[in-house]
Amino acid sequence: MNELSCTMIIFGATGDLTRRKLIPALHQLQYGGHLPEDFQVVAIGRREITQEEYREDLFHAMVAYTRILIDEDSWETLARRITYYKMDLTKTEEYRGLQTFLKERQHGENFSCNQLFYLAMAPEFFTVIVDGLKDTGILEETGNWNRLVLEKPFGKDLASAKVLNENIQRAFREEQIFRIDHYLGKEMIQNITMLRFQNTIFEPLWNSRYIDNIQISVSELDGVGSRAPYYDQTGALRDMVQNHLLQTLAITAMDPPKTMEADQIRDAKVKLLSELILFTEETSKTNVVFGQYESYKNEIGVQENSVTETFVALKLFIDNARWRGVPFYLTTGKKLPEKSAQVTVEFKAPNQCVQPEGEPCQVFDMQPGSQVNILEIKIQPKEGISLRLNTKKPSVISETVVAEMEYCQSCQNNFNTPDAYEKLLLDVIHGDSTRFTRWDELALTWYFIDSIHLDQVPLCEYEDLGRGPWEAHELLERDQRKWWHVETHKKEAPNEDP
Ligand code: BG6
């Protein structure tokens, strides 16, 4: 049996994730010739529909969500590989039927018995599915592999994540579990490691001596849309910060891994996450801001008195020699003026002492027009890197002009960035877990998030499509800093008229 050949069994055949992300990603992989020869999909759903109806529904989803034009040949080939299977996954007895169905197919020509289980479902179904698979013996291994892919949310705090993890580990070993964080599949997040460790010019500066602060910001234009029932129970802290933002932070700030092997990278991230300084009651009050966009409570599915945050800004510190004293500012929110994500590194100014302790300080006055150096890693919508430098303005007097050096990866002709799901699916097929979250990383991110005293965090309203709550700007202004990705916005002066 070919090591890559496999059957992908999707739980959640008619769900949003399958239609919007998985099938378009598979189409793109098929088009690029990346799928193994005998790759098959069994898509499991509750609805009574025919194979034709199901494939037609997927085709419509493809038209709406594919990143490339639909290639008819690729679609036809992929569609032939997909089989719809109807079952009620909450009924344990129905897993017997699934087992028979899979066995029959796998003994047929061209079907392999490597199995990739993809749970594109709400997490409350994870345990029942995993138990159903285990109890019927579908997971028995006889020279084949079984892998499990899980979507977030993985718990709602450390305690619930632990319970879920224990349930899953009753049937799957850690190395079989691929916990998706789709930010780890984004091109420019992967590029951070490349930028840091394949250029000798950055690593010597990547520390508290040269860096003043680092900002990680993810803004979204859209509101909660149709996901209100999930989102209203979750909020931006758990939906975005616990996973995407902390993973981005870990990659940006980790020490160089011993090698670029999956486990070495994840060890480096675990070390960094274990060095995050936990929040106290006091720092929860001063260093965390929650916001809710004005029209949030009018969204269908949101409770009328909801106090769920749709915006978070926070300041955190890392307790290690490299980063001691350097603030990391993280922010994310919905219904903001644009969809964008970036990591911004602000270097110290020439008039700040960067010498090691005990050595004489050499500082330079800031010339008129000079600004601090900024390195920006643009994750989306444009992908690229920019570096801001001070140069001399061509003139007879000594004045500085800022030069913006910009590399726009996604602007290049014929550049077609693969979607995060394309890379992540291929990684699972190849058994490469580098871009997936290991349990110890996940546990540490929950441990950190749980340290926030939620009752101490103010919830501030912000204007739809405005710049977020002014308290988030004040968080940096207090430190004589500003967010680089949004214009500063000031609190309106209180009306002092009697
Ligand atoms: C998801 C969150 O994980 O990421 C969503 O659940 C959010 O609320 C989305 O909209 C953002 O992802 P991207 O790739 O569009 O930045």
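The dialogue below takes up disulfides, then an annotated site.

Student: What kind of model is this, and how are its residues numbered?

Tutor: This is a predicted model, in which local features need pLDDT of at least 70, side-chain atom pairs count only at pLDDT 80 or more, and totals for chains, interfaces and linings use all residues. Residues are numbered from 1 along each chain as its sequence is written, and side-chain values use heavy atoms, with hydrogens and water left out.

Student: How many disulfides does the structure hold?

Tutor: A disulfide is a pair of cysteine sulfur atoms within 2.5 Å. The structure holds two. One joins Cys353 to Cys361, with an S to S distance of 1.7 Å; the other joins Cys408 to Cys411, at 1.9 Å. The link of Cys408 and Cys411 is right-handed, with 70 degrees about the S-S bond.

Student: Which pairing do the bonded cysteines of the chain show in sequence order?

Tutor: The pairing is 1-2, 3-4. Cys113 is in no disulfide, and the nearest cysteine sulfur, that of Cys6, is 11 Å away.

Student: Which residues does the UniProt annotation "binding site" cover?

Tutor: UniProt positions are given in the numbering used here, feature names are shortened, and annotations may be inferred rather than shown by experiment. According to the unreviewed entry, the "binding site" covers Gly12, Ala13, Thr14, Gly15, Asp16, Leu17, Thr18, Arg19, Arg46, Asp88, Leu89 and Lys152.

Student: Where is Thr18 placed, and what is it in contact with?

Tutor: Helices (H or I, at least four residues) are DSSP runs, numbered from the N terminus. Thr18 is in helix α1, residues 16-31, and is buried at 0% relative accessibility. Contact means heavy atoms within 4.5 Å. Leaving aside neighbours within four places in sequence, the contacts of Thr18 are Ile10, Gly12, Ala13, Ile23, Pro24, Tyr54 and Ala120.

Student: What does Arg19 touch?

Tutor: Arg19 also lies in helix α1. Not counting residues up to four places away in sequence, Arg19 touches Thr14, Pro24, Asp57, Leu58, Ala61 and Tyr65.

Definitions and conventions:
Helix = DSSP H or I, 4+ residues; strand = E, 2+ residues; numbered from the N terminus. Buried < 20%, exposed > 50% of the residue type's maximum accessible area, 1.4 Å probe, protein only.
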